[in-house]
Structures are given as structure tokens and as C-alpha cells.
Amino acid sequence: MGHATAADGVRLAWQSAGSGAPLVLLAGQSNSHAWWDGVRAGFAARHRTLTLDWRGTGASDKPDEPFTTREFAEDVVAVLDAAGVARADVYGTSMGGRVAQWLAARHPDRVGRLVLGCTSPGGRHAVERDAAVRRSLADSDPDRARAALVGLMYSPAWTARHPGPYRTLGDPEMPAHARRRHLAASNRHDAWAALPEITAPTLVVHGTEDRFNPVANAHLLAARIPGARLLLIEGARHAYFEEHHAVAGPAVLRFLAGEAVGDRP
């Protein structure tokens, strides 16, 4: 594990595994690099994979101050600099996909190919999750709220075979103030105006049964980003990259290798 220093002095923990062309893997909201632990080996077999613990998570600093997805993108640049990587492919999922949008739009020289998974453009153009989902996640009973989140991430068939612990439910050591800051950053994300500026070859991936982040957002992203392709994983929920890794992982690797994966919107 290494450490990078952001422009404001925050120390960011980062991790490297594998060898080959660099690939940055960006985790979801309130999660550390552990988000990728279940599938990282498949990417590290062909790429030097780089991850980071978002500020507020893992071994990174946890300041109690406002966060933004644009700031998180600058944190990724600081990690690339610390790792000695001038340009990398980028695979961002959920909030990590929101950050990846800014990274590709504002630092096109640092991004080779771009994969946006289970994510959203944010702002007034985005399609919000329905009221029932919001209520379930806000349940005052923490066990019911956790069960609701698990159900949004994975299918019942998957959880029956994989009883946990699950890596995508948030960093258990994350302080409450950092969780609030992450939630606010994700909620305020709006990259709609910047999406047409993305020049990296882009693949948008989404599960067709994702209620946490409705699949309509994938169609919006693919139509808004010039030349983007769209790959829908049938029957998959929000954590498609883990439950359906046998399909999604090889498809992403083919795209990173330059193959035409997915369809034009």
C-alpha cells in the first residue's frame, strides 16, 4: 500500500496488484478498495490494477468537511501521480462511476478507455430510485435497512449461495461524519453538461434489474457520451460486477483490449 497527498493535504491510501497496462478501479459510495476484492484477481491477471481508499474510508484521512465527486476525481489524479502512471484505463462503479465521469471529462490525457458501471449522470436529468427503495434504506431498524441494501445489491439466489460478509455494503470502520459527507457528494453529483466532452472510448454497463440505480441512467449516459457503447447484464442488480462477474468481467476485459463490446445507443 502506498500513500498519495491530495492538493489540500489529505493523505490517500492506494493499492496496486498485478502487472500490465494500468487499470484504475473505483469503488462505490462509502466503500474502500475492498469493494473490488471479490473480482480484482481477474483484472490483475492482465492489468496493473490501482485502487484507492476514498477520503473518509479505509486507511485514508477522514476530514469532517464537504466532499464532491469532482474533488474525488482530483484525488484519483494524485494517486496516479504517486503511482507513476501517466495514463490508465478507468473502471468506475456506482459513485466511482460518477467520479470517473469527471476524471475523463476534466483530465482526458490521463484516461485511456473508460468503463462506467451501475452509475448515473446525476442532477435533474438522472432517473431517481423509487420511493419504496428510499424508504427501505431509511428504515429506523438497522437490520431491516441492511437487509434491504443486500437485496438491492444481490439476488436472493446469490445470497443463498453466498451468505456473506458482503464487500459492497460500506466500510464498517467509516466514521458517521464521513458517511454523511459521501452521501452528500453523491447526491450533489451532476456531470450532465460535461459528458459530451468525454473523448475516451466508453462502455456503459448496467444490470437490468438494478433498482438502487435505475437502468434508465445507463441509457442516458450512453446516449450523452460521444461514441459510447451500452452493455446490459440481464437479471443483474446493483452489484452486477460481482454476482455476474463471469459475464461482466470478461466483457470489460475485451473492451479494454480494444474489442467492440455492447451496442450503440
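**Close-up views of a predicted model**

**View 1. An aromatic cluster.** Trp35, Trp36, Phe43, Tyr91, Tyr240 and Phe241 form one aromatic cluster. The model is predicted: local features require pLDDT of at least 70 and side-chain atom pairs count only at pLDDT 80 or more, while totals for chains, interfaces and linings use all residues. Residues are numbered from 1 along each chain as its sequence is written, and side-chain values use heavy atoms, with hydrogens and water left out.

**View 2. The ring pair of Phe43 and Tyr91.** Rings of Phe, Tyr and Trp (its six-membered ring) count as a pair if their centres lie within 6.5 Å; planes under 30 degrees apart are called stacked, over 60 edge-to-face, and the rest tilted. By this rule there are ten aromatic pairs. The centres of the Phe43 and Tyr91 rings are 5.8 Å apart and their planes stand at 80 degrees, so this pair is edge-to-face. Because Phe43 lies in helix α1 (residues 40-44) and Tyr91 in strand β5 (residues 88-93), the pair ties together parts that are 48 residues apart in sequence. Helices (H or I, at least four residues) and strands (E, at least two) are DSSP runs, numbered from the N terminus. Phe43 is buried, with a relative accessible area of 2%, and Tyr91 is buried too, at 1%. Here, buried means under 20% relative accessible area, exposed over 50%, and partly exposed in between (1.4 Å probe, protein chains only).

**View 3. The ring pair of Trp54 and Phe72.** Trp54 and Phe72 form a tilted aromatic pair, with 5.1 Å from centre to centre and 40 degrees between the planes. Trp54 belongs to the loop between β4 and α2 (69-83), and Phe72 to helix α2, so the pair ties together parts that are 18 residues apart in sequence. Trp54 is buried, with a relative accessible area of 0%; for Phe72, also buried, the value is 0%.

**View 4. Charges over rings.** A charge sits over a ring if NZ of Lys or CZ of Arg is within 6 Å of the ring centre and within 35 degrees of the ring normal. Arg70 lies over the face of Trp102, 4.4 Å from the ring centre. The charged end of Arg113 sits over the ring of Phe255, at 4.7 Å from its centre.

**View 5. The open sheet.** Eight strands form an open sheet with mixed pairing, in the order β1-β2-β4-β3-β5-β6-β7-β8. At its edges stand β1 (2-5) and β8 (229-233), each with a single partner strand, so one side of each is left without a neighbour in the sheet. Two strands pair if DSSP finds at least two bridges between them.

**View 6. Strand β4 and its partners.** Five of the six residues of strand β4 (residues 47-52) are buried. Strand β2 (residues 11-17) pairs with β4 in the antiparallel sense over four bridges, and Ala17 stands opposite Thr49 in β4. Strand β3 (residues 21-26) pairs with β4 in the parallel sense, also over four bridges; the bridge partner of Pro22 in β4 is Arg48.

**View 7. Helix α10.** The buried residues of helix α10 are Ala248, Gly249, Ala251, Val252, Leu253, Phe255 and Leu256. Just after α10, Gly258 takes a positive phi of about 105 degrees.
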